[in-house]
Amino acid sequence: MGSAGLVVLVTGVSRDLGRRFARFVAADPAVDRVIGVDVVPPRGDLGDVSFVRADIRNPVIAKVIAKEDVDTVVHMSVIATPGSAGGRNSMKELNVIGTMQLLAACQKAPGLRNLVVKSTTTVYGASSRDPAMFTEDMEPRRAPRSGYSKDVAEIEGYVRGFARRRSDVRVATIRAANVVGPHVSSPITSYFRLPVIPTVVGHDARLQFLHEQDLMEVLRYAVTHDVAGTYNVAGDGILMLSQAVRRLRRPSVPMPGFLVGNVGSTLRSARMADFSPEQLAFLTYGRGVDTTRMREVLGFEPAYTTAEAFADFASTLPPTGGYADRALAGIERQLTTARSTS
């Protein structure tokens, strides 16, 4: 690479993590310019990042890549919550069709050198048959039939296809564990923000977290270092769900699994948390991923352990009370009825 710095295109900048990453990478001395792309403008400040309003589901994204002389694409617009996308069908379309169009545009860009994809350990699923630790070459024990993890599996398949067709492009896929931190809004942080936390009777899920700052660091690292391949990225150690709930000092209600689902639909309609079937499986069985490759091949070490990342997230939560108590009273009534009839 000559004296000219990287020209980085970041997708998904209308969402907080995408916007913050675009600003973060723009400050790196190896980076010349950053172009942030999304269908709607971000709410927060973009700093030195130039925003281009574009839908990655539309082939016009190829023109943006060509016009701006983009050599590095960071794909961050894969979304985990149907609610934020206007329902499951449009979520699938944004995720899968969006990625296909983006990769088709990358395919046509002779100047493209690097592609970094923010993926997730959700791709491994969660079931009673899981290994203690998933390594990067393992498949989920049950192939996902729907939802976010199926989207991610399809997206990663397209990314591998692209890497084969464009062997001149360095492709890095970062499978991040559940990202937590003061600014993160996701199905798992919404769950932990509930004033009373429903858990599944007889199970204690194993959890791994990645601090939002470590997500920023690892994506920047993948942009500025000569690394390719797929990497599990998580803070060291495991936190059991019971430990996590105790550290939040919030009450929990143990329930049979099917009931958590019922409560989930109540919480969803109250916009308090998103309980998809895969979220329920995760809160039942948890998931562990092996991060040996992250350390030995990628050469990255998160600053926060799983427990420290969770503690930083927990430190920002207000004490529960008021509105939340009223919302929960309804759930308590549901539970009491369910218990008395079972």
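How many helices and strands are there in the chain? There are 13 helices and 13 strands. Both are DSSP runs, numbered from the N terminus: helices are H or I with at least four residues, strands are E with at least two.

This is a predicted model, in which local features need pLDDT of at least 70 and side-chain atom pairs count only at pLDDT 80 or more, while totals for chains, interfaces and linings use all residues. Residues are numbered from 1 along each chain as its sequence is written, and side-chain values use heavy atoms, with hydrogens and water left out.

**The chain as a whole**

Of the 342 residues, 53% count as buried. Buried means under 20% relative accessible area, exposed means over 50%, and partly exposed lies in between (1.4 Å probe, protein chains only). Take the contacts between residues at least 6 apart in sequence: 80% of them join residues at least 24 apart. Contact means heavy atoms within 4.5 Å.

**The open sheet**

An open sheet is formed by 7 strands, in the order β3-β2-β1-β4-β5-β6-β11, with parallel pairing. Its edge strands, β3 (50-53) and β11 (229-233), each pair on one side only. Two strands pair if DSSP finds at least two bridges between them. On average, neighbouring strands of this sheet are turned by 20° against each other, direction ignored.

Strands β5 (residues 114-120) and β6 (residues 170-176) run parallel and are joined by 7 bridges. Serine 119 stands opposite arginine 175 in β6. Helix α5 packs on the sheet and touches β5 and β6; its direction makes about 160° with that of β6. Helix α7 also packs on the sheet, touching β1, β4, β5, β6 and β11, and its direction makes about 170° with that of β6. Angles run from 0 to 180 degrees between N-to-C directions; axes are lines fitted to C-alpha atoms, for helices over the stretch in contact.

**Two helix pairs**

Two packed helices are described by the angle between their axes and the distance between the axes.

| Helix pair | Angle | Axis distance |
|---|---|---|
| α1 (residues 16-26) and α7 (residues 212-224) | about 50° | 10 Å |
| α8 (residues 241-248) and α12 (residues 306-314) | about 35° | 10 Å |

Helices α1 and α7 are therefore oblique to each other. Angles under 35 degrees count as roughly parallel, over 145 as roughly antiparallel, 65 to 115 as roughly perpendicular, and the rest as oblique. The contact of α1 with α7 has 8 nonpolar, 1 polar and 4 charged residues. Here Ala, Val, Leu, Ile, Met, Phe, Trp, Tyr, Cys and Pro count as nonpolar, Asp, Glu, Lys and Arg as charged, and the others, Gly among them, as polar.

Helix α1 is mostly covered, with 8 of its 11 residues buried. Those buried residues pack against β1 (6-11), β2 (31-38), β4 (72-75), β7 (178-180) and α7.

In the second pair, Ala244, Arg247 and Leu248 of α8 meet Ala307, Phe310 and Ala314 of α12. This contact of α8 with α12 has 5 nonpolar, no polar and 1 charged residue.

Where is lysine 150? Its place is in helix α5 (residues 147-165). Lysine 150 is partly exposed, with a relative accessible area of 26%. Leaving aside neighbours within four places in sequence, lysine 150 is in contact with Lys92, Pro144 and Arg145.

Strand β8 (residues 197-200) points Ile197 and Thr199 one way and Pro198 and Val200 the other way; all are buried. Strands β8 and β13 (residues 252-255) pair in the parallel sense over 4 bridges. Threonine 199 has proline 254 as its bridge partner in β13.
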